[in-house]
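Student: Before we discuss this protein, could you show me its sequence and structure? I would like to begin with its open spaces and then turn to the ligand.

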Amino acid sequence: MTGAWRASVDDWRWRLAHGCTGLRSIHSVVVLAETESTQDAPETRAAAAGTLVTAWRQTAGRGRFGRHWADTGEEGVAASFVVAAQAPERLALIGAVAAAEACASVLDSRADEVGIKWPNDTVVGGKKLAGVLVERRGDLAVIGIGINVAQRAFAGDLAARATSLAILGTTPDRMDVLLALMRALDDALDASDAHLAARFARRDALRGTRALFSTPEGPVEGEVVSLEPMRGLVVRTDSGERFLPALTTSVAEWGVFRRASVDGRLKTTDSERR
Ligand code: BTN
């Protein structure tokens, strides 16, 4: 670690420790200089509920469904918050609302464009700005949140699916994004399910759009008629409306998706990988 890097990490430690003042649920912050994943760092595994672990540089972030989270050096915010275990749907909703509201708070005039693609992607203009990974660890759970901050462009197929605060026209210091995330997370942790659902509904990007869903009974395609984030969705398919429970449903594709010409069966693309 160079002297400048050490100074930056020390500055984060100092400012984030002060950022905890007045928060109800976040009691301490651990700042790592570099780690593969804040979800897996020994400091996270040893942490008590109420601890936020972040890293100046995350090198091998993990996403949902075993995917890779494409951190690019020091351009994003990566944070894992350790909390007492509770319903996974509630924790997913807390992460979704906190990530979206933190992004909105630093986007100023574009704040209203920030949406949530159920269950917990932060999206702007159909592109992903932040992602949430919730994992259970015995009596505890870890809410991992990644936010794209300073990336000026994304390579390859990510270019069509990912965005960053910089691409959206604002270049906040990563520390300001972290502080906004801490405040939003602390606030969401304290909110009732009903209040969280109302805040989700304000930013719901999936309702009224078509998507392809993975369900235990196979793929279901249709327009989302209504959505209760912790319960499930009602989807209008070619053969009528269907209720898809939150616990067993995931979005396979959203936005532009295509039909295979063979057998009239749906064919998935990789548009949901990030
Ligand atoms: C997703 O959209 O699939 C979830 C992405 C979650 C990324 C964050 S970054 C902080 C924490 N550490 C990780 O390795 N993953 C989460």
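Student: How much space lies in the largest pocket?

Tutor: This is a predicted model, in which local features need pLDDT of at least 70 and side-chain atom pairs pLDDT 80 or more, while totals for chains, interfaces and linings use all residues. Residues are numbered from 1 along each chain as its sequence is written, and side-chain values use heavy atoms, without hydrogens or water. On a 1 Å grid over the protein atoms alone, a pocket is an open set of points where a 1.4 Å probe fits, with protein on both sides within 12 Å along at least five of seven lines. Its volume is the space filled by probe spheres set on those points, joined across faces, edges and corners, and for the largest pocket this comes to about 480 Å³.

Student: Which residues of the lining lie nearest the centre of the largest pocket?

Tutor: Lining residues have an atom within 4 Å of a point, and by class the lining has 4 polar, 4 charged and 14 nonpolar residues, where Ala, Val, Leu, Ile, Met, Phe, Trp, Tyr, Cys and Pro are nonpolar, Asp, Glu, Lys and Arg charged, and the others, Gly among them, polar. Of these 22 residues, those nearest the centre are Arg64, Pro88, Glu89, Ala92 and Pro119.

Student: Where does Pro119 lie?

Tutor: The peptide bond from Trp118 to Pro119 is cis, with omega near 5°. Taking strands as DSSP runs of E with at least two residues, numbered from the N terminus, Pro119 lies in the loop between β6 (115-117) and β7 (121-124).

Student: How far is the polar side-chain atom of Lys128 from an oxygen atom of the ligand?

Tutor: Lys128 is among the residues that come nearest the ligand, together with Ser37, Thr38, Arg62 and Arg64. A backbone N or O atom of Arg62 is 2.7 Å from a ligand oxygen, and a side-chain N or O atom of Thr38 is 3.0 Å from a ligand nitrogen. For Lys128, the distance to a ligand oxygen is 2.5 Å.

Note on methods:
A residue is near a molecule or strand if one of its heavy atoms lies within 4 Å of it. A polar contact is a pair of N or O atoms within 3.5 Å; within protein, one must be able to donate a hydrogen and the other to accept it, and residues adjacent in sequence count only if both atoms are side-chain atoms. Helices (H or I, at least four residues) and strands (E, at least two) are DSSP runs, numbered from the N terminus.
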